[in-house]
Amino acid sequence: MKNILVPFDFSHNSRNALEYAAQFSKKMNASLHVFHAYDRSEVLEGVKVATTISAMEDTRLKMVDQFDLDPKDVRCQVVQGEFIEEILSYIEKSKVDMIVIGTRGSSGLRELLLGSNTVHLMKEVRGVPMLVVPEKADFRPLKNILLCSDLHEIADDDALDIVKEVAMAFESD
């Protein structure tokens with residue numbers, strides 16, 4: 001595993017997922033890609049876009065410092081466009097191995113529980129595992145890993161390789 005993508009919107013939930021991903025990436029010796037997409041309405045507010053870019057750099061520096069990451073292994077990307085389209089494009093260009101994304105809410109409705117962007121991303125992304133981090137989750141080494149299967153042939157053995165790699169890095173059962 002070389003590249004972990006974290007969609008980031010500056011919310012508490014995405015910040016928690018980013019902190020989780022920072023610790024996960026350090027354990028896996030992977031680069032961390034922090035990604036933010038903004039819509040056209042924000043373009044009209046040029047100051048807001050400049051502030052967002054500056055805030056992303058501040059976030060990058062904080063992750064490097066707080067989790068003792070190599071600065072060259074933490075990359076930030078701010079783009080204008082539709083969230084799902086831009087993420088799919090970034091995944092293709094950057095050869096992302098895993099996506100770490102936060103959740104929100106506590107109701108039983110899927111969109112409220114996971115967040116509409118998380119649900120949409122889960123529906124659209126193929127071939128890249130996603131780690132969905134609950135809003136109050138704290139990073140802990142993984143003791144056990146459960147792989148669920150419908151016993152049909154897995155189309156991409158890379159997914160199994162990633163599970164094995166994570167299990168070995170964490171010495172998980």
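Modeller: Ground rule for strands: two of them pair if DSSP finds at least two bridges between them. Helices (H or I, at least four residues) and strands (E, at least two) are DSSP runs, numbered from the N terminus. This is a predicted model, so local features need pLDDT of at least 70 and side-chain atom pairs pLDDT 80 or more, while totals for chains, interfaces and linings use all residues. Residues are numbered from 1 along each chain as its sequence is written, and side-chain values use heavy atoms, with hydrogens and water left out.

Colleague: OK, what makes β1 and β4 a pair?

Modeller: DSSP has two bridges joining β1 to β4, and the rule asks for at least two, so they pair. The two strands run parallel.

Colleague: Why is His33 called buried?

Modeller: Buried means under 20% relative accessible area, exposed over 50%, and partly exposed is in between (1.4 Å probe, protein chains only). His33 comes out at 4%, so buried it is. The residue lies in strand β2 (residues 31-38).

Colleague: What makes its link to Arg75 a polar contact?

Modeller: The side chains of His33 and Arg75 are 3.2 Å apart at that contact. The definition wants a pair of N or O atoms within 3.5 Å; within protein, one must be able to donate a hydrogen and the other to accept it, and residues adjacent in sequence count only if both atoms are side-chain atoms. Leaving out residues up to four places away in sequence, His33 also touches Asn3, Ile4, Leu5, Val6 and Tyr90, where contact means heavy atoms within 4.5 Å.

Colleague: How do you know that β1 is mostly covered?

Modeller: Five of its five residues are buried. Asn3, Leu5 and Pro7 point one way, and Ile4 and Val6 the other.

Colleague: Why is β4 described as largely enclosed?

Modeller: Five of its five residues are buried too, so the rest of the structure largely encloses β4. Met98, Val100 and Gly102 lie on one side, Ile99 and Ile101 on the other.

Colleague: How do you know whether Thr59 and Asn29 are buried or exposed?

Modeller: Thr59, in helix α3 (residues 46-66), has a relative accessible area of 5%, so it is buried. Beyond its neighbours within four places in sequence, Thr59 contacts Phe8, Phe10, Arg15 and Leu18. Asn29, in the loop between α1 and β2, has 72%, so it counts as exposed.

Colleague: Last one: why are α4 and α6 called oblique?

Modeller: The axes of α4 (residues 83-94) and α6 (residues 116-124) come within 10 Å and cross at roughly 45°. Angles under 35 degrees count as roughly parallel, over 145 as roughly antiparallel, 65 to 115 as roughly perpendicular and the rest as oblique. The pair is therefore oblique.

Colleague: Which hand does that crossing have, and which residues meet?

Modeller: The crossing is right-handed: a crossing is left-handed if the near helix is turned anticlockwise from the far one by less than a right angle, and right-handed if clockwise. Phe83, Ile84, Ile87 and Leu88 in α4 meet Asn117, His120, Leu121 and Glu124 in α6.

Terms used: Axes are lines fitted to C-alpha atoms, for helices over the stretch in contact, and angles run from 0 to 180 degrees between N-to-C directions.
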